[in-house]
Structure formats: C-alpha cells, structure tokens
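Please keep the structure in view while reading.

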Amino acid sequence: MTSSDSGTQVPVPIEGKIGAVMVVGGGVSGIQASLDLANSGFKVYLVEKGPAIGGKMSQLDKTFPTNDCSMCILSPKFIECARNPNISILTGTQVEGIAGEAGNFRVTVRQEPRYVDEEKCTGCGTCLEYCPVNILDDYNENLATTKCIHIPFPQAVPAAFVVDPSQCLFLLRKECQICCPTCNTRAIDFHQQEKRWEIEVGSVILAPGYEPFEPQAQSEYGYPRLSNVITSLEFERVLSASGPYQGELVRPSDGKLPRRIAWIQCVGSRDTTAGNTYCSSVCCMYAIKQVLLSKEHEPEMETVIFHNDIRAYGKGFERYYERAQGTPGVQFIWSKVSVLRQVKENGNVVLRYLINGTEVREEEFDLVVLSVGLTSSGSNRELAKRLSVDLNPAGFCRSSPFSPIETSRPGIYACGVFHAPMDIPDSVTMASGAAALSSQLLVGERGSLIEEKGYPPERDTSAEPPRVGVFVCHCGTNIARDVDVAGVVRYAAGLDNVVHAEENTFSCSIDSITHLIETIQEKGLNRVVVAACTPRTHEPVFQEALKEAGLNPYLFEMTNIREQCSWVHMGNKEVATRKARDLVRMAVAKARLLRPLYQLPYMITHAALVIGGGIAGMESALALAEQGIEVHLLERNKELGGIARRIHYTVDGGDVPAYLQGLIRRANENPLIRVHTEAEISEFRGYVGNFTTRIAAGADKKAVTEIAHGVTIVATGAAEFKPTEYLYGKEPRVLTLLELEEEIAGDSKRLAQCSTLVMIQCVGCRDRDRPYCSRVCCSQAVKNALKLKEINPEMEIYILYRDMRTYGLREDYYQQAAEQEIKFIRYEADGKPEVQVVREGGRDILRVMVTEPTLGQRLMIDADMLSLGAATIPLESNGELSRLLKVPLNEDGFFMEAHMKLRPVDFSTDGIFMCGLAHSPKFIDESIAQAQAAASRALTILAQEEMKAGAVVCIVDKRKCTGCGVCQKVCPFNAIEIEAEEKVAVVTEALCKGCGICASSCRSGALDIAGVSDQQTLSLIQAL
C-alpha cells in the first residue's frame, strides 16, 4: 500500500478485483471477520468509530453459560488483531460513502483527530495524572469518572490515550495544555485535524453492532430519576473486576451491598410502546447470568426475575436456566411489573406486580436492574443509507432466509447484531460466514496484498545460565482481590535464577505485551514465567511475545493463579496467596530446565471432506469448492437434502423445496465436488492438513474409496424425536409439527375438515431425558398456525407452551398469530397437558386438558387434530463418528465445540469443524451461516502451503525402547507405530498431541514428552 499527497490509500495495482476487505465495526463480530480474512490471505481494514476495538463485549463482566471472564477470552483477539501485519486498525473512523461495484469498491472514510500520536504514545499515564478535567467514563456507563485525556479501558487496542474534544479546555477555550509538557514522548498533538481519504477494497463487511435501549424514554421505569434503578449494562460494570467498584457488588447510589435485587425483563423489547416489537434474544440469559454472579458475590442475597417468557433457546442455555432455578434465593415470576417509587428513608425501590392473574403485590427491593434490549442505532441507519443497503422496519439489515449474510448490495455483507439481535456465538459465526463470502468473491486475489509477519533471529541461549523473569497479573481484581500480588512478586524475586519480577494490572493487554518484549530484551531474560489466568486462551499470546523478543517460544511457563488460587479460595487471601507462591515457585523450578523446542513443517493437502449432505453440508462444500478447493461430500442416504426435505416453507415465506433443489443441483454440477451417497466412514486417520479417510459407498458398501484431505467438516444433521406420549403412534390424528407441515403442503383433506387443532410444545425436550431446548419448535408452531389460518380462517387453533421462544425478529410472527386469534395457553413443567379420546355426539374427540398457571384453572379443549412440537435430537451415529474422528460430544449427544462463545464451529482437534444440526438445533438460515463459517475457518488452513507440527510431542529414546507396542495401543491419536526393522517406537509428530499417556505407560522409560519431561515434572514436585 502507498500513500499519495491527497491521503488516498492505494493498494498495489492489480487487474480486476482487489484483494482487500473493509470490516466496519470493531466489536467481536468485526474482529472475528478480520482475523479469518487476514489468516486466509487478504488485507483487512478494520474500521471502528470509537477510540478502541472491543465493542459492547469488552464491557461485560462474564459470559453465559460458561461464566468465562469476557475480557479474558476477548483480549487475546485484540492482540492478535493488533500484531497482525495484514490488519490495519482505523479507530475514530467512519464510512462516509462508497463507489464502485463488488470486487472493486472505493470507500471514503473520515477519521476524527485523537490529539495523541498512536505511534509515539507509550500509555504511561503521566498526562492523565496532570489533566485537571474530570469527565464521565463512557466505558463504565458513567458510573465513574476519568480524565479528559484517557485510555478507553485497561486492555484497549490501540493502547494509546485519546482526548475528549468536547471537554478539553484547550480545544474549547485555548486554555491549559498542561498535558503536553508532561508527555516524555511528545505524543500529544492538538494540531491534529480531521482526515478524509479513500480506501480501495474488493468487499465490505458491516458489523457496527448495536446500542442498548435507553429506558429514560419510558417514564414508567423511573430511570434515571430513581437512583437505585439501573440498566443491565450498568450492572455489568458494577460486577466487573475492572469496573468502578473493582468487582464489589454495591449500589451505585450509596455504596451499600444490596440484599434484594429485582430484574425487569423486556425493557425496550417485545414492546409496541417502545417501538421495538422484536425480541432482543439475549436479555433473559444475561439476566440469569447476573443473578448467578450476584449470588456468588453474596450467597444470602434474594433475587427475582420478573419475566414474560424465559428464552433459554441456545446450546447449554436451558441447563443454565435450570441451575438458576435450583439456586436458593432465586425466583422467576411470570408477571408484568411496574416501578412505583423509591423509599426516601432507605432508597429502596417499590415494585407492583400481579400474581395468579388477580392478586396484586407490592415489594421493596434494594436495587432494580432493567434488562434493556438491543437496538439499531441511528448511526447504523445512516451507514446503511450511505452504502445503499436496505434495512427492515426494525432497523436491522434486510436479508433473504437462504442468504442471511448477504445484503441488498452485492459485495457488501452483514454480520452480528447489524443483521438481527443475537448472542456472541451467533455473531462470531456470522462473522466467519461473512469472511467466507468475501473471500469467495475475491478468491483470485488471495495473497496479492498480504505481507508475512517478521521475527527477529532467535537468540541462542544454550550457553547462558537460566535468567528467569516472573510477571504476576492482577487481572483487574479477579486475582488481586484474593491474592497479595505484590507479596507474590517479592517472593518470586528471591527465587534462584530469577533476575526480574514485576506485577501487571493486565498482563494480556497490548501495552503489557509490548513491555514484556522490551523487558526480555533489556534484561537479557532467557526464561519467562507468567502467573495469571488460564493457559488455554493466553499461553499462545505470551509465546508469540517471546518470538517477537527473539526467544524460543517454548522457553515459557505459565501458571494459573486465578482459577487455582483467587477463585477457588475466594475470601481467604492468606490461603490463596500461599498457594500462588507455591505455584510460582514450581513454575520457576520447571522454567530453569526448559529447552528450546521446534516445530517441523509439512505440506498441506488442499482438499476437504464434508460429512453430511444436508443444507449445512452442501453449503459448506459449495463455499469451499467455489474457492477452488476439491471437496468430497459424504451422505449416508441415497439422496442429498437431509431433514430439510421435510420442510416446505420458512416462517417468513421462503420456498424451501425450491431452494433445496437448487442447492442439490449446484452441488452435483460443481466439478470440484465429488458426491458420495450411501457412504459410511470405515477408517479415519491423520492430522490437520493431512487426513486420510476410507469410505464404503453404495447399497452393498462394496465401493471402497480412500480420500486424502486437509480439513474435515462435520455436518451430519439431526433427527426428529418420535414421541411416546399424547397418543402419538396410536391415534392417527396426532402428528408431529413436521408431519403437520407435510400435510399442509400436501393439501390434506382432513386438515380442510378440521375445525379445532391443538399444538403441544416441548415434547421430548426440556425434560429429564433431554434437558435442552430444541430452539425451533415455537416458531415452527407459529409458522404452521399462520399457514392454517391462511387455509381456513375459521379454524380454532390453540398452542400450549411453557415459554414461547420466538426470539429475535421471529417475535413479530408470534404477535401476528395472536392478532389472528390463535390462542396461546401456558403450562408448567409439572402440569403437562393430558390427552384422551372421548366419544361424544357419535364421533371420537381428542380431549386436551391443561392447567393454566396464572389463572390456576383447569381448561378443557376438544380438538379434531393434535400436533406435537417434538424435540430435535442428535443422531445415534454421532457416537461412532465421535470415536472415529476423536472429537467430543456434549452431554446431549451433539458435537461439542472448542469454545462456546469464540470458537463455535471449531473442534478442539485442529482441522476439524462442525456446522448445522450436528452442532445443535437451529433454523435453516442459522445453519447456512454456520456452514459458511465452517468453510471460512477451514480456509484459514487450506490457504497455507504448509503447516508446522506441534513441538510438545513424544520423544523416543531408541536405546531403551524394546518395541513392546504398549505405547502404540494406548495412543488415542494413532501417533505411534512400531518400526518393522528396528523394532522401536516411531512418532508421527504432526499427530502427537503431547498428552503423555504413552510416556506414563512405557515399561522401559524410553518415552518422554518434550517440554513436560520426567525431569521437569519431578522439578515441579520437588519444588512443592
């Protein structure tokens, strides 16, 4: 890229399309899209209107349903973006216009002055100490103050200060400027001006995020008039270890511990008076999360969630909900609530609500949290207008049910909450899907504008005595609240071979990483120990820092003093600190013995295996094939299509059979896709980049084929549960919802004659056998009910439900159904409906009886037909495939992803991905997005020519090996074979995961694990 005098950034000239993508929005969705694109060969411009990337996720305390620290899992992504040479982060920048067409756009951007030179700023904070102007802190939701010149938040990227021009005395009145002489690097520049320039890109991805609903627009909630009524995002900052109260749960009004807290749901969602009829999708779950976290802070606290329906529809959500229900002191009350007043004497808030449809109650709560919805901001609407992208009436991106990521303008794609309200994993999935579509458009320009990341020569430390540096992290207050960090640092400084020890507020922040690199070089460190949080997410970050400092990345040891000390010994600082000292001492002992390790390169097979020929499998196969990748598509049945063959229309009118037939035709006609029907896997072996799969195909399974491929995508689908209750299988008038849909599509005569139809939801799920929600059933019921009303407006339709989970924009169809007098009757889990056949008036009637919990009345409905919302269940074959591929299933039998939030389509086994119903129940559009996401993740591997094997692998001492073969038998990854001539064990390093089972099983002590040798392990034990 070159810069002209006019400020235009001009990529290296190429013919036709441009191998660069602009991603608009620096939240988690924009970050994921940027990383996928950069790692698969494209230049990326990441444009963020705020002063730092991170979006709303950076403000969260924890994430549901795993309760992972939000910033702890997000900050490694920040660093990966910041240190990727193919991602240019443009903060304080907005898109003003676009010209051109798909493949060749010219985007005009405008960047506000930061008044601080990012290149010069070291983030030392001296300017902040001298600045006389205090302002409200946006990051902390105005619950605290910061200075006019400040860093947006501790782990911010870029880690440079920014000046608020609306508050700066110099910019307003030419007064002050005291910050300028205090800056040692002369980074503060009040002469910076607004910049405008053009950037040439081949495609654009829109991920500008959302704005939380502002409840002051609705006076009935008393916000912000009542000081102890706060929003859910404010409560996140109250809970957060990096928040204004350092993670102490207090009332912002007076600093007191609240003993009773109420959450009010659907504030700004599902509300016609607020103008937002849709469901915001996440509010129920984040309220449950906040309840559970509050109970961790204060176990005796009383908490109440006032709700309409609890929408725990996602993977793992229902169990999280059940966990909350089973927690003492947690109540869920199905009721509309109003805020009456705040008690003058104690500041408590009085709420009024209805119980059992008749009883009015008034209760005092110390604190009331408004679960505010997600809205499309005015700036998002302006952005869409400037780019000529159509929005729906709610202000979100308009899209087709069968191309959910594409916008109305070719070459521009949408993901995250710009598309619709959604949770983090769905946002991440759509982001990867958008990256796949962008790279598909620009496939011919892959690699044309990228540069390789350079590292300094690796320092030879073989002749040096160990010089250990120890870095102990506060993790905000996650660690420091229960561990004496300064004391641990003093203790570490006195250990043998430790030449440097220090504490960091956040060791994983970009400025701390930069400081770590500088310290290694300045102090001549040749071993590094970081005592912080989990190595699972952070070890690669620190190892990369060692490489940038010129050290071998395996001269690094990390010890977890958050989960292992501060969290498990919460409230006992002495015990937590003593254990932290022990863990640091052990880590230093092992670090002294660390030796450089190296990864061996190997070539990649540029082909893919997709297992499953339903919608998800075909979409992922096409996404790869259309980028020049050879794909083998396996289907166990005679025909492609999967369970979608039984679906005829979407709730918004999409023609599923037409779409499906087009998809099948494209898959069969694509020259790079080889379709194998009636195919089963008999053998699977290999490693990322080089897998080999043997399949048997045909009715007799005699056609055996061996396939070499670099990646694998699991898209095996799911099945419909066959109920054993409600007379299903005994009474022909009792159908599942899919069977009902087939009858509707087939113009069934008995449906035409049906005057009353009842649907019963949650059949076969949300129970003891299957404690999960099948996600699609509520919308499926509404869809069929609306279709039936089209056919026969006089038909009486009843939907018996526990919670109507028509999340997101599907809520509008729920409202539409209610307006068409489709009757919704709620029932409790312990009051399930009863069905019997009774003979009256010379005909057999299906009599349905159910207790409505709000009214407490037993209702009786006589029906002509009954339809059951049957669960989506995993395939029985999942277990065998799990064993063959050595990938895990969750407790429900669906395939389990590497990380629920940030790696939703990856397995923990490298090179294997998942999508569609194999992952969990979902809608067609969600399956399509996930299929494209799986292809994007696969392309980050297939875009490379070679990979490197892991360095932490088994090492064989041939002098000791007897060739007994025990190691070969116990290895779960088939990484060891006994060499025929020498009769010794031989390790395929690319397959080995360094698990150590072989070494612990070796009778002759011939096997060891590099980086975790017997000697190193004994040093840990001896140090303890």
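The points below are grouped by topic. The model is a predicted one. Two of its open sheets have five strands with parallel pairing, one in the order β17-β24-β18-β19-β20 and one in the order β40-β47-β41-β42-β43. A search of the whole structure finds 21 aromatic pairs.

**Sheet β17-β24-β18-β19-β20**

- The strands of this open sheet pair in the parallel sense, in the order β17-β24-β18-β19-β20.
- The edges are held by β17 (229-231) and β20; each has a single partner strand, so one side of each is left without a neighbour in the sheet.
- On average, neighbouring strands of this sheet are turned by 25 degrees against each other, direction ignored.
- Five bridges connect strand β18 (residues 260-267) with strand β24 (residues 367-372), and the pairing is parallel.
- Within that pairing, Ala 262 has Val 368 of β24 as its bridge partner.
- Helix α7 (residues 283-297) packs on the sheet and touches β18, β19 (302-307), β20 and β24. The direction of α7 makes about 170 degrees with that of β18.

**Sheet β40-β47-β41-β42-β43**

- The order of this open sheet is β40-β47-β41-β42-β43, again with parallel pairing.
- Its edge strands are β40 (734-736) and β43 (823-826), each of which pairs on one side only.
- The twist from one strand to the next averages 25 degrees.
- Strand β42 (residues 796-801) is joined to β43 by four bridges in the parallel sense. The bridge partner of Leu 800 in β43 is Ile 825.
- Helix α20 (residues 777-791) packs on the sheet, where it touches β41, β42, β43 and β47. The directions of α20 and β41 make an angle of about 170 degrees.
- Helix α18 (residues 737-745) lies across β40, β41 (756-763) and β47 (865-870), and runs at about 100 degrees to β40.

**Strand β33 and its crossovers**

- Strand β33 (residues 630-634) has four of its five residues buried, so β33 is largely enclosed by the rest of the structure.
- Five bridges join β33 to strand β32 (residues 607-611), and the two run parallel. Leu 609 has His 632 of β33 as its bridge partner.
- From β32 the chain passes through helix α16 (residues 615-625) to β33, in a β-α-β crossover that is right-handed.
- Four bridges join β33 to strand β34 (residues 673-676), also in a parallel arrangement. Leu 633 has Val 675 of β34 as its bridge partner.
- From β33 the chain passes through helix α17 (residues 656-669) to β34, and this β-α-β crossover is right-handed.

**Covered helices**

- In helix α18, seven of the nine residues are buried. They are Leu 737, Leu 738, Glu 739, Leu 740, Glu 741, Glu 743 and Ile 744.
- The elements that cover the buried residues of α18 include β39 (719-720), β40, α19 (749-752), β41, α20 and β47.
- After α18 comes Asp 747, with a positive phi near 55 degrees.
- In helix α1 (residues 28-38), eleven of the eleven residues are buried. Among them are Ser 29, Gln 32, Ser 34 and Asp 36.

**Aromatic and charge-over-ring contacts**

- The search of the whole structure gives 21 aromatic pairs. The ring centres of Tyr 321 and Phe 332 are 5.1 Å apart and the planes stand at 75 degrees, so this pair is edge-to-face.
- Tyr 321 belongs to helix α8 (residues 317-325) and Phe 332 to strand β20 (residues 330-334), eleven residues apart. Tyr 321 counts as buried, at 6% relative accessibility.
- Tyr 801 and Phe 824 have ring centres 6.4 Å apart and planes at 75 degrees, so they too form an edge-to-face pair.
- Tyr 801 lies in strand β42 and Phe 824 in strand β43, 23 residues apart. Tyr 801 is buried with a relative accessible area of 5%, and Phe 824 is buried with 19%.
- Phe 64, Tyr 313, Phe 317, Tyr 807 and Phe 923 are linked by ring pairs into a cluster.
- The charged end of Arg 810 sits over the ring of Phe 923, 3.7 Å from the ring centre.
- Arg 826 lies over the face of Trp 334, at 4.1 Å from the ring centre.

Note on methods. Residues numbered from 1 in each chain as written. Predicted model: local features only at pLDDT ≥ 70, side-chain atom pairs only at ≥ 80, totals over all residues. Heavy atoms only, no water. Buried < 20%, exposed > 50% of the residue type's maximum accessible area, 1.4 Å probe, protein only. Pairing = 2+ DSSP bridges. Right-handed = clockwise from strand over helix to strand, strands pointing away. Axes fitted to C-alpha atoms, helices over the stretch in contact; angles between N-to-C directions. Contact = heavy atoms within 4.5 Å. Phe/Tyr/Trp six-rings, centres within 6.5 Å; stacked < 30°, edge-to-face > 60°. Lys NZ or Arg CZ within 6 Å of the ring centre and 35° of its normal.
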